[in-house]
Amino acid sequence: GGSHAELRVVPAATSWAVPAGLDIKLAAAVPCGPGTAALALELGGLKPGQTVLIQGAAGGVGLAAVQLARRADARVLGTGSNAASLERLRDYGLSDAIVAGERSINDQVRDLLGGEGVDLLIDNVGGPALMAGLAAVKDGGRAVLVGVLGGMDYSIDAFHLLGHRQTVTGCFLGPVMAEPFVHQLIGSLLEQVARGELTVP
């Protein structure tokens, strides 16, 4: 509402100054895709040297998560349905491409990691893909659910979570955009895009 108004009053807590030289179209895309990705990685507690599996790596949130995770010195695995699209993500920091549907995600991940699972799953797909991704998470590992394109009424196997001591956290940026930490996070992302450190296609 009000998006076509010439002038509009908005809360300062959900507004950001556009850094000098940054195209407004790029700036407008930062809170949603990169903002969600950054929050998901924070909620997932990603640390340097860890492994992260990003499902839906070629999407807006996925591409930002690939870049931010790589800059955090993580090994970044990404899933997608198109091998060529995934190969293009190597320029953004993708370490390993996993084509969904060829073989199970779990088998592909564990082949790459010498039988180990990933420390963190960022799932931008949801539905059955969430359980497929959780199978590739190590015991005691973490998952952050961002997307529900795969379906909103899909059940998570509680016994799997118990048996593998896994934690699943939901990530929805909208309700927390005004919180000081999130506001600062998005402001930092805007500066990174302005400096060319983060790409927003």
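Here is a chat about the sheet, helices and cores of a predicted model.

Visitor: Hi! Is this an experimental or a predicted model?

Guide: Hello! The model is predicted.

Visitor: Good to know. What is the strand order in the sheet?

Guide: The open sheet has 6 strands in the order β3-β2-β1-β4-β5-β6, and the pairing is parallel.

Visitor: Which strands sit at the edges?

Guide: The edge strands are β3 (96–99) and β6 (167–170), and each of them pairs on one side only.

Visitor: And how much are neighbouring strands turned against each other?

Guide: On average by 20°, with direction ignored.

Visitor: Let's zoom in on β1. How many bridges join it to β2?

Guide: There are 5 bridges between β1 and β2 (residues 75–80), and the two strands run parallel. Val52 has Val76 as its bridge partner in β2, while Thr51 stands opposite Arg75.

Visitor: How many residues of β1 are buried?

Guide: In β1, 5 of its 5 residues are buried. Thr51, Leu53 and Gln55 point one way from the strand, whereas Val52 and Ile54 point the other way.

Visitor: What does Val52 touch, apart from its close sequence neighbours?

Guide: Leaving aside neighbours within four places in sequence, Val52 is in contact with Leu46, Ala69, Ala74, Arg75, Val76, Leu77, Val118, Leu120 and Ile122.

Visitor: Which residues of the largest nonpolar core touch the most other members?

Guide: Val52, Ile54 and Ile122 do, in a core of 40 residues. The elements giving two or more residues to this core are α2, β1 (51–55), α3, β4 (118–123) and α8. Of the contributors, α3 gives the most, with 7 residues.

Visitor: What about a second core, who is in there?

Guide: A separate core of 14 residues includes Leu53, Ile98, Met131 and Val137.

Visitor: Okay, changing topic: how many residues of α2 are buried?

Guide: In α2, 10 of the 12 residues are buried, so the helix is largely enclosed by the rest of the structure. The buried set is Gly33, Pro34, Gly35, Thr36, Ala37, Ala38, Leu39, Ala40, Leu41 and Gly44.

Visitor: What covers them?

Guide: The cover includes α1, α3, β4, β5 and α8.

Visitor: How far does α2 reach from end to end?

Guide: From its first C-alpha to its last, α2 reaches 17 Å, close to the 16 Å expected at 1.5 Å a residue. Gly45 follows α2 and has a positive phi, near 65°.

Visitor: And α8, how many residues does that helix have?

Guide: α8 (residues 180–194) has 15 residues and reaches 21 Å between its first and last C-alpha, close to the 21 Å expected at 1.5 Å a residue.

Visitor: Which of its residues are buried?

Guide: Val182, Leu185, Ile186, Leu189, Leu190, Gln192 and Val193 are buried in α8. They cover an arc of only 160° around the axis, so they lie on the same side of α8.

Visitor: What do they pack against?

Guide: The buried residues of α8 pack against α1 (24–29), α2 (33–44) and α3 (60–71). The face turned away from the buried side carries the exposed residues Pro180 and Gln184.

Visitor: What comes just after that helix?

Guide: Just after α8, Gly196 takes a positive phi of about 80°.

Visitor: Last one: where is Pro11?

Guide: Pro11 is in the segment before α1. Pro11 is exposed, with a relative accessible area of 52%. The C-alpha atoms of Pro11 and Met177 are separated by 11 Å, with the two residues 166 residues apart along the chain.

Methods. Residues numbered from 1 in each chain as written. Predicted model: local features only at pLDDT ≥ 70, side-chain atom pairs only at ≥ 80, totals over all residues. Heavy atoms only, no water. Helix = DSSP H or I, 4+ residues; strand = E, 2+ residues; numbered from the N terminus. Expected span 1.5 Å × (residues − 1). Buried < 20%, exposed > 50% of the residue type's maximum accessible area, 1.4 Å probe, protein only. Arc of directions from axis to C-beta. Contact = heavy atoms within 4.5 Å. Core = buried A, V, L, I, M, F, W, Y, C linked by side-chain atoms within 4.5 Å. Pairing = 2+ DSSP bridges. Axes fitted to C-alpha atoms, helices over the stretch in contact; angles between N-to-C directions.
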